[in-house]
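These are my notes on the model shown here. The points are numbered so that each can be checked against the coordinates.

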Amino acid sequence: MTRLPFRIGGQDVAAGTRATVELPVAVFSDHTPVRMPVHVIHGKRPGPVMFVSAAVHGDEVIGVEIVRRLLRSAPMSRVHGTLLAVPIVNNFGLLNLSRYLPDRRDLNRCFPGSPEGSMAARLAHIFLDQVVKRADFGIDLHSAAIHRTNLPQIRLTPGNDHLRQLGEAFGAPVIMTSRLRDGSLRAAAEEAGVDVLLYEAGEGLRFDEMAARTGLAGILRVMQAKGMIGARGVPRLKAKPVFCARSGWLRAPAGGLFRAFKATGELVEQDDVLGVVSDPMGEQETAILAEDTGIIIGRSNMPVVNEGDALFHVALTPRVAHAEAAMEGVAAQMEAPPLFDEDEII
């Protein structure tokens, strides 16, 4: 029996086809219309409905690149079920190279939104109502803010076994539990019965090849685990992720010039020197010491810091050998030949 078309934004996408649907969002002050593009891949055969979203924060461009690679990947030609891909949720922020919207609000604190509220509330409502609630589950792609970088990691709701399974299938080096925040997409989606994995990797306003490859591979593995695609063209998981229930930030003990000795992904033990903060004359130098055994999952890239600035984000893990294996798996994936698009091969 032929599947019924998938209807979104007043358009029908027939089974076995794909199309980009423009959802009306707003109108700029110069009367330019603003739309949210949703690329729909509606498979011939039945299966789950999954959404993948990026740039909820406008400066988090790595997710946009991951979605672009996903839509051009070979497995998308044989999808079971339906994929809803939204490469840019917050196009206002993207155009302004800003995390926020023009009304100075953080979109990820404005869900579930309102059709009659602020600009952020209206955008949140449209995305939640017309995309997220149409799906069975989803993956939301994020990065660190500008001047910071994150190791590829999955964050999921504590106690949610379904998300734990999806996170393990995704295969980022680190899986962390993260409580739901009021106004967040994850909180609103789970209240509506839609489980959402949150992927964090890379830096705001920057591309990162490891973050892009890990994100694409993870999405494909999740789709395979849910029966949406077969194994062909899906990278194999090199090592199991490290599960971390706790993490903490090490902050600048003083203002000055920050020099980091450790990078994201490096394993540290208690009292390891991660970096130093020096005064401009070089007369005083204060070391930043690891407080426990763990793996660096986030780090500041700013050399000029104030006292109290967050410098290193360390996820605590008692199983050092497991963490080493996870990072070796990421390194092996990075050594594989890059997956060029056809128009990038010269």
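Predicted model: local features only at pLDDT ≥ 70, side-chain atom pairs only at ≥ 80, totals over all residues.

In which sense do strand E8 and E17 pair, and over how many bridges? Point 2 takes this up, after a remark on conventions.

1. Conventions. Residue numbers start from 1 along each chain as its sequence is written, and side-chain values use heavy atoms, with hydrogens and water left out. Helices (H or I, at least four residues) and strands (E, at least two) are DSSP runs, numbered from the N terminus.

2. Strand E17 and its partners. E8 (residues 148–156) and E17 are antiparallel and share three bridges; two strands are taken to pair if DSSP finds at least two bridges between them. Within this pair, Arg-148 has Ser-300 of E17 as its bridge partner. Strand E14 (residues 267–268) is also antiparallel to E17, with two bridges, and here Leu-267 stands opposite Ile-295. Strand E19 (residues 310–316) is joined to E17 by five bridges, again antiparallel, with Gly-294 opposite Leu-316.

3. Cover of E17. E17 spans residues 294–300, and six of its seven residues are buried. Buried means under 20% relative accessible area, exposed over 50%, and partly exposed in between, with a 1.4 Å probe and protein chains only.

4. The four-stranded sheet. An open sheet runs in the order E16-E15-E13-E18, with antiparallel pairing. E16 and strand E18 (304–305) are the edge strands; each has a single partner strand, so one side of each has no neighbour in the sheet. Strand E13 (residues 256–260) is joined to E15 by four bridges, and Leu-257 has Ser-278 in E15 as its bridge partner.

5. The hairpin of E15 and E16. Five bridges connect strand E15 (residues 273–278) with strand E16 (residues 285–289) in the antiparallel sense. Val-273 is bridged to Leu-289 in E16. Six residues lie between the strands, and Gly-282 takes a positive phi near 75° in this hairpin. Ala-287 belongs to E16 and counts as partly exposed because its relative accessibility is 37%. Its C-alpha atom is separated by 34 Å from that of Tyr-100, 187 residues apart along the chain.

6. Helix H6. Does the span of H6 agree or disagree with its residue count? The expected span is 1.5 Å times one less than the number of residues; for the 17 residues of H6 (residues 209–225) this gives 24 Å, and the end C-alpha atoms are 24 Å apart, which agrees. H6 is mostly covered, with 13 of its 17 residues buried. Just after H6, Gly-227 has a positive phi of about 75°.

7. Packing of H4 on H6. Helix H4 (residues 161–170) packs with H6 at an angle of about 125°, and their axes are 7 Å apart. Axes are lines fitted to C-alpha atoms, for helices over the stretch in contact, and angles run from 0 to 180 degrees between N-to-C directions. The two helices are therefore oblique to each other; angles under 35 degrees count as roughly parallel, over 145 as roughly antiparallel, 65 to 115 as roughly perpendicular and the rest as oblique.

8. Two loop residues. Asn-90 lies in the loop between strand E6 (80–86) and helix H2 (91–95), and at 0% relative accessibility it counts as buried. A polar atom of the Asn-90 side chain lies 2.8 Å from the backbone nitrogen of Gly-93. Gly-193 is in the loop between helix H5 (185–191) and strand E10 (195–202); its relative accessibility of 58% makes it exposed.

9. Helix H1. Nine of the 11 residues of H1 (residues 62–72) are buried, including Ile-62, Glu-65 and Arg-69.

Technical notes:
Polar contact = N/O pair within 3.5 Å; in protein donor to acceptor, adjacent residues only side chain to side chain.
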